[in-house]
Amino acid sequence: MNAGVTVDGLTKRYGAVTAVDGVTFEVEPGVVTGFLGPNGAGKTTTLRMLLGLVRPTAGTALIDGLRYAELDAPRKAVGAVLEATGFHPGRSGRDHLRILARAGGIPRARVEEVLDRVGLAESAHRRVGGYSLGMRQRLGLAGALLGDPGVLVLDEPANGLDPAGMAELRELLRDLAGEGRTVLMSSHVLSEVEQTVDRVVIVAGGTLRYAGPLAELTGAKGETLEAAFLRLTSTRDSDPVPGAATAPARG
């Protein structure tokens, strides 16, 4: 469980539009790292490049020193949730996971383990078409955990969860990091992020604004995460935290 994430000079251009511009940061095992930015900041594009779904224009995004396509067993190395979609509405949650397990060469018994871990064991027999958004989020997370991966990449995992569900997710992510996994999550719910993460990476306008400890960011000016986030992302010339703009997000 020692695989880390390294993003170095990552850039993506779509014609004249630069979606991600020379972003560099690291995420190490054993901590929960929040990946933050306003809409259109380049977060999802960065995550998609990390997962091999988008080809970078320049730079690299590596998992344990390798590009996603170079990993021997991607499903067992990386668990990812980019959106709570892609489920067949007529299948039960359990059957959905069994299909994923079969495709990934994962023992069938693992399905029941992850269902229990994300709190879906009692609803696993129901068709996914009747699931709430929060339940679909849990199912997506269960799928990400199937291969017992060392790295988790989660895009808005708290979306659709009620307060109790968010508290359970917070505990689960911290437990997973405590097991030595690398956990990188994006979210717009800054109050929840502040209670969950150890470190943050903030981007805006496709560029890196901060990468480092949450405590250092908020303690620099005695701010809340929300205040620091707004300060760093309001304009391109926002004052950075001293030394933080190029600091790797280490554990």
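Among the contacts in the protein between residues at least 6 apart in sequence, 67% join residues at least 24 apart, where contact means heavy atoms within 4.5 Å. This is a predicted model, in which local features need pLDDT of at least 70 and side-chain atom pairs count only at pLDDT 80 or more, while totals for chains, interfaces and linings use all residues. Residues are numbered from 1 along each chain as its sequence is written, and side-chain values use heavy atoms, with hydrogens and water left out.

**Overall form**

- The secondary structure comes to nine helices and nine strands, these being DSSP runs numbered from the N terminus, with at least four residues of H or I for a helix and at least two of E for a strand.
- For 251 residues a compact globule would have a radius of gyration near 18 Å, and the protein agrees with its 18 Å; this radius is taken over C-alpha atoms, and the globule rule is 2.2 Å times the number of residues to the power 0.38.
- The C-alpha trace spans about 50 × 40 × 35 Å along its principal axes.

**Burial and helix H9**

- Of the 251 residues, 50% are buried, a term that means under 20% relative accessible area, with exposed being over 50% and partly exposed in between (1.4 Å probe, protein chains only).
- In helix H9 (residues 225-233) the buried residues are Leu-225, Ala-228, Phe-229, Arg-231, Leu-232 and Thr-233.
- The cover over the buried residues of H9 includes strand E3 (32-36), helix H7 (190-196), strand E8 (199-204), strand E9 (207-213) and helix H8 (214-220).

- Strand E1 (residues 5-14) pairs with strand E2 (residues 17-27) in the antiparallel sense over seven bridges, and two strands count as paired if DSSP finds at least two bridges between them.
- Lys-12 stands opposite Val-20 in E2, and in this hairpin, which has two residues between the strands, Gly-15 takes a positive phi near 65 degrees.

**Two individual residues**

- Gly-59 lies in strand E4 (residues 58-63) and is partly exposed, with a relative accessible area of 36%.
- Leaving aside residues up to four places away in sequence, Gly-59 touches Asp-8, Gly-9 and Leu-10.
- Ser-123, which is found in the loop between helix H4 (109-117) and helix H5 (133-145), is buried with a relative accessible area of 16%.
- Not counting residues up to four places away in sequence, Ser-123 touches Tyr-131 and Met-135.
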